[in-house]
Amino acid sequence: MKDEKQEFSLSKEGLEIIKKEMTRYETKLSCLIPCLWQIQKEKAWISKSAVSWLSKTTQIPESQIYEVLMFYTMFNKKPIGKFHIQICGNVSCALNGSRELIKDLCEHFNLKEGETSQCGNWTISKVECLGACDEAPAIQLNEDYIGKMNKESMLSILKSKTNKGAI
């Protein structure tokens, strides 16, 4: 991965946010989630070089950063597509068709779950829970939560959200 060989950096604004987060809490460890979130917001995923950089910046050991990073599924540990489709796989969604939705979308985009398309546009991921059981099956498209999905409604939403005539 090319990002691993380059020196990691954030924008000036991103660095200011990280520094501000470091002062908000009694202990520096408490700033890890917002700091990781800021990195992901700018870079779309958390690379090894980002963890090293954050460790140097916060003076928090890399091992402690990895404990947080690996625990939370909301953090991307590898590059993702421009459009990240996360499909809830918890019981309510599974019983309402999320397994079939994952299968249908993977077939549609010719991807396996967790893969990113060669064009870099699409990543399909199964996640444990999106907290939208009343909207099952639920998906998250980048930052947007959408419920009551099926293959047809999913493809229609992808077309409208991505401004693509044909996906």
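Let me begin with Tyr72, which is partly exposed at a relative accessible area of 30%; buried means under 20%, exposed over 50% and partly exposed in between, with a 1.4 Å probe and protein chains only. This is a predicted model, in which local features need pLDDT of at least 70, side-chain atom pairs count only at pLDDT 80 or more, and totals for chains, interfaces and linings use all residues. Residues are numbered from 1 along each chain as its sequence is written, and side-chain values use heavy atoms, without hydrogens and water.

Tyr72 lies in the loop between helix H5 (62-71) and E1; helices (H or I, at least four residues) and strands (E, at least two) are DSSP runs numbered from the N terminus.

I turn to the aromatic pairs, of which the structure holds six. Rings of Phe, Tyr and Trp (its six-membered ring) pair if their centres lie within 6.5 Å; planes under 30 degrees apart are stacked, over 60 edge-to-face, and the rest tilted. Phe8 and Trp53 have ring centres 5.3 Å apart and planes at 55°, so this pair is tilted. The pair links distant parts of the chain, 45 residues apart: Phe8 sits in the loop between helix H1 (2-5) and helix H2 (12-23), and Trp53 in helix H4 (residues 48-58). Phe8 is buried at 9% relative accessible area, and Trp53 is buried at 15%.

Which kind of pair do the rings of Phe71 and Tyr72 form? Their centres are 4.9 Å apart and their planes stand at 85°, so the pair is edge-to-face. Phe71 is exposed, at 61%.
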